[in-house]
Amino acid sequence: MIRNVRRWLIIAIIVIVASGIALTLWTAQHEDNQLREELLIKTRLVQSGISTGHIQKLTGSDSDLVSPDYTALKDELMMVQSADPLVRFVYLMGQRADGTVFFFADSEPPESEDYSPPGQVYPEASAILLNTFVSGKGTTEGPLTDRWGTWVSGVVPIRDAANGRVIALLGIDIDAADWNLQIITACGPAIIATFLLLFLVLIFYYVLERNDRERQ
């Protein structure tokens, strides 16, 4: 009898582990998709409050530092960043005629080592980000690594109200470590349930084996 039980025990363990892994992977993918959707919605909400008039008056150079339009945008980006503990960077990017991507403004104070002054070139721009200038469609990307760290980003275009041309991109960065922690937390119930089932099966086998020894 114990031999049969052992055979079924092995099968049960394989089924539980395989099911647990599948459920955990599905949960992780589902959570990742949901987080990306939420990030994109958040980025679009911020984008809706950005004045295209302010952006169109910027040059993407040091001369913007004395511009009231730059100051207004900078204050708004800083306010958005400070309102959400998960948001690390909020920024506006432009693209020059030669394809070079640069910063119009970011949410970092000038004294920060992570501050990007107006006109700072961003050579790490991904194919997805570059394509957003062309497609005009909001998207998420990452985790991707640049000189500041590894991030998951929401990126949406800002258009000229007169002709619909993309004049800038608004980006919101979330630290990949924080992103992954949210996914791991969401997977917690599936992982716990898997270990609990394994524990119960092993206890059941132990009781059967002990009873068998006592009968013998």
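This is a predicted model: local features need pLDDT of at least 70, side-chain atom pairs count only at pLDDT 80 or more; totals for chains, interfaces and linings use all residues.

**Exercise 1.** Determine which strands pair with β5, and state whether β5 is mostly covered or exposed.

*Solution.* Begin with β1 (residues 87-95): this strand and β5 are antiparallel and share six bridges. Within that pairing, Phe89 has Asp173 of β5 as its bridge partner. Next, β4 (residues 149-159) also runs antiparallel to β5, over nine bridges, and Val155 stands opposite Gly171 in β5. Six residues lie between the strands of the β4 and β5 hairpin, where Gly164 takes a positive phi near 80 degrees. Finally, β5 (residues 166-175) is mostly covered, since nine of its ten residues are buried, that is, under 20% relative accessible area.

**Exercise 2.** Describe the largest pocket and its lining.

*Solution.* The volume of the largest pocket is about 240 Å³. Its lining comprises 21 residues, of which Tyr91, Tyr122, Asp146, Trp151 and Asp173 are the closest to the centre. Two or more lining residues come from each of β1, β2 (101-106), β3 and β4; β3 gives the most, with five. By class, ten are nonpolar, five polar and six charged.

**Exercise 3.** Identify the element with the largest share of the second largest pocket's lining.

*Solution.* This pocket has a volume of about 180 Å³. Its lining residues include Ile55, Phe102 and Arg165. The largest share, three residues, comes from β5. The lining divides into eight nonpolar, three polar and one charged residue.

Notes. Residues are numbered from 1 along each chain as its sequence is written. Side-chain values use heavy atoms; hydrogens and water are left out. Buried means under 20% relative accessible area, exposed over 50%, partly exposed in between (1.4 Å probe, protein chains only). Helices (H or I, at least four residues) and strands (E, at least two) are DSSP runs, numbered from the N terminus. Two strands pair if DSSP finds at least two bridges between them. On a 1 Å grid over the protein atoms alone, a cavity is a set of points where a 1.4 Å probe fits but cannot get out, and a pocket is an open set with protein on both sides within 12 Å along at least five of seven lines; lining residues have an atom within 4 Å of a point. Grid points are joined across faces, edges and corners, and a volume is the space filled by probe spheres set on the points. Ala, Val, Leu, Ile, Met, Phe, Trp, Tyr, Cys and Pro count as nonpolar, Asp, Glu, Lys and Arg as charged, and the others, Gly among them, as polar.
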